[in-house]
Amino acid sequence: MNPLIVQADRSVFLETFNERAEEARAAIAPFAELEKSPEHIHTYRITPLSLWNAASAGLDGQSMVDAMTQFAKFPIPENVITDIHELAGRWGRVKLKEAEQGSGLILEVEAGHEALLLELSKQKKVSPLLGEKINDLTYALPLANRGVIKQELLEVGWPVEDIAGYSEGIDLEIGLSTSLDVRDYQQSAAEAFYLAGSKKGGSGVVVLPPGAGKTVVGLTAMSLVSQRTLVLTTNRTSVFQWEREILSKTSLQPEDVSVYNTKNKRLAGVTICTYQMLTAKKRKKKAEALPDKALSDKEREDAAQQPDVYPHMDLFMKQDWGLIIYDEVHLLPAPIFRLTSEVQARRRLGLTATLIREDGREGDVFSLIGPKRFDMPWKDLEKAGWIANAHCAEVRLRLSEEERMSYAVAEQGMKFRIAAENPRKREVLEKILDFHNQQPSLVIGQYIDQLELIANDLDAPLITGSTSQKERERLFHAFRDGTIKLLVLSKVGNFALDLPDAQVLIQVSGAFGSRQEEAQRLGRLLRPKASRETAYFYSLVTRESKEEDFAHHRQLFLTEQGYQYKIMDEAEWLEPTQADLSQLN
């Protein structure tokens, strides 16, 4: 029997116990999003955005229907087949092109769709963005509206294929080191983005798991473009990692690369900067620093109405960048979207492990950075040996009677924290670490008080946001060379950690139901091990609590990638038997 049930509301149920479940999951994953993942039935949803990402990557509607038909238990509802064909078919029907004369753009619909252009031109938020009507299929479009028109048209259900081309940046010869072995999929990802320099390429997102070498994809794209490049990333650790990788794996010299920060405003052929630096605000006016009584009502009102000032945002405009790379694009801050809307004439590459954004702005990534250009399933990379094999386990613990009473009477906002800081986690944590017997391990959590207690219990170094960059690098180096076997990390450990030997990660608390955080934390373990050892990812969760509810949501993306969580009880660690724990291997 087949494992899929397709419903008329475009939901898809996958029977995970079916022997064809994994095959079916891989077939529908390119165009369906996982919504729920209880033990036996997983629920997927076919959305317009999931279809447009698939269509932009070359998957047509019939291929999607065929993929479901192959695994469907019952006939697919006719309306779903029609919806898939019609929605996927919208991709490419509305295009942005370079005007044949002058410096502007044109918005064009395919021949035979004059009524569509008329309909779109009447949309309240679209109409003011358009220029002069050229004919029944074409409107002029001011250059400045290139980004926002794509956002607004996506909002009304019409994705825009942008083939208006790019302004060329300043040439910069970027060769890859002869010692760099670019993997086939990394080369394919970079080429899928660049598309031989054609107008159909040059903007979009590459999706690969942590540990799969997204930075190498970025370097390869830089070598293909060979123009001045701005790299934007999440934190200082990531900035210095990019700098090391560029200098060690390309022909660029130290004078060609600059880290832009508060102490260094030098721009170079390749400039690297954090999102935090770009979005740092300048105080609106000195008067705001004065006591309220020193300001009149009018002065306070005027100060409140002044727009936010981002003094470093003109970094986008200071150079003729040929390429802007957005690392961890799923974390792109809202103010960067505004600037990205204004730099649509630059080539733009987004790198990420997941297109999921917890703020729901996946559509803005699609519109402003570009559609998904390349995606490779995590399990495919695991089978090929490019990322480590990983076992995931959720260990459920109870609250003590005293803690349970505190939880029962707590305000809703405090319930999650009480559950997350369950003291029993510290005891179970020690048992897990004992079981793994000095394997290189990371403990990661959300709450500093909890992490300080754990670091003290384990006599292990603790790295938080207040740890200096120099001390972080010292501890990371000691972990890499084996001097230190255990590190305790706050959420600063979610991204850009180059710790390839880490074999065990234990999550003691997290940011509510964040799917992206769950994926990034497992990603800390996925760099391939020297002897292809298995990696182990544990999540400690308090039973019958808000934390348990959020845990189900956190795991959705990884479940969609084919990972399964073994559900364990604390008793298996506190009163273990060899039979219980042998199931982990």
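A residue counts as buried when its relative accessible area is under 20%. In this predicted model, arginine 346 has a relative accessible area of 14%, and it is therefore buried by that cut-off. Arginine 346 sits in the loop that runs between α12 (334-342) and β15 (347-352). Leaving out residues up to four places away in sequence, arginine 346 touches Tyr166, Ser167, Gln319, Asp320, Trp321 and Ile324.

**The chain as a whole**

The chain is made of 24 helices and 23 strands. A compact globule of 585 residues would have a radius of gyration near 25 Å, and the 26 Å of this chain agrees with that. Along the principal axes, the C-alpha atoms fill a box of roughly 75 × 70 × 65 Å. Among contacts with a separation of 6 or more, 73% join residues 24 or more positions apart. The table collects further values for the chain.

| Property of the chain | Value |
|---|---|
| Share of the 585 residues that count as buried | 55% |
| Positive side chains | 72 |
| Negative side chains | 85 |
| Distance between the centres of the two charge sets | 4 Å |

**Nonpolar cores**

In soluble globular proteins, nonpolar side chains tend to be buried together. The largest nonpolar core of this chain holds 61 residues. Ile246, Val270, Trp378, Leu487, Leu522 and Tyr563 have the most contacts inside this core. The element that gives the most to it is helix α7 (residues 184-194), with 6 residues. Apart from this core lies another, of 32 residues, which includes Ala24, Leu34, Leu49 and Leu154.

Leucine 522 illustrates the packing in the largest core. With its neighbours within four places in sequence set aside, leucine 522 is in contact with Trp378, Ala390, Cys392, Phe537, Leu558 and Tyr563. Two of these partners, Trp378 and Tyr563, are also listed among the residues with the most contacts inside the core.

**Helix α16**

Which residues of helix α16 (residues 412-420) are buried? They are Lys415, Phe416, Ile418, Ala419 and Ala420. An α-helix has 3.6 residues a turn, so residues three or four places apart point the same way. The cover over the buried residues of α16 includes the helices α15 (401-409), α17 (424-435), α18 (448-458) and α21 (546-554), together with the strand β22 (535-542).

Key: Residues numbered from 1 in each chain as written. Predicted model: local features only at pLDDT ≥ 70, side-chain atom pairs only at ≥ 80, totals over all residues. Heavy atoms only, no water. Helix = DSSP H or I, 4+ residues; strand = E, 2+ residues; numbered from the N terminus. Rg over C-alpha atoms; globule rule 2.2 N^0.38 Å. Buried < 20%, exposed > 50% of the residue type's maximum accessible area, 1.4 Å probe, protein only. Contact = heavy atoms within 4.5 Å. Lys, Arg positive; Asp, Glu negative; His and termini not counted. Charge placed at Lys NZ, Arg CZ, Asp CG, Glu CD. Core = buried A, V, L, I, M, F, W, Y, C linked by side-chain atoms within 4.5 Å.
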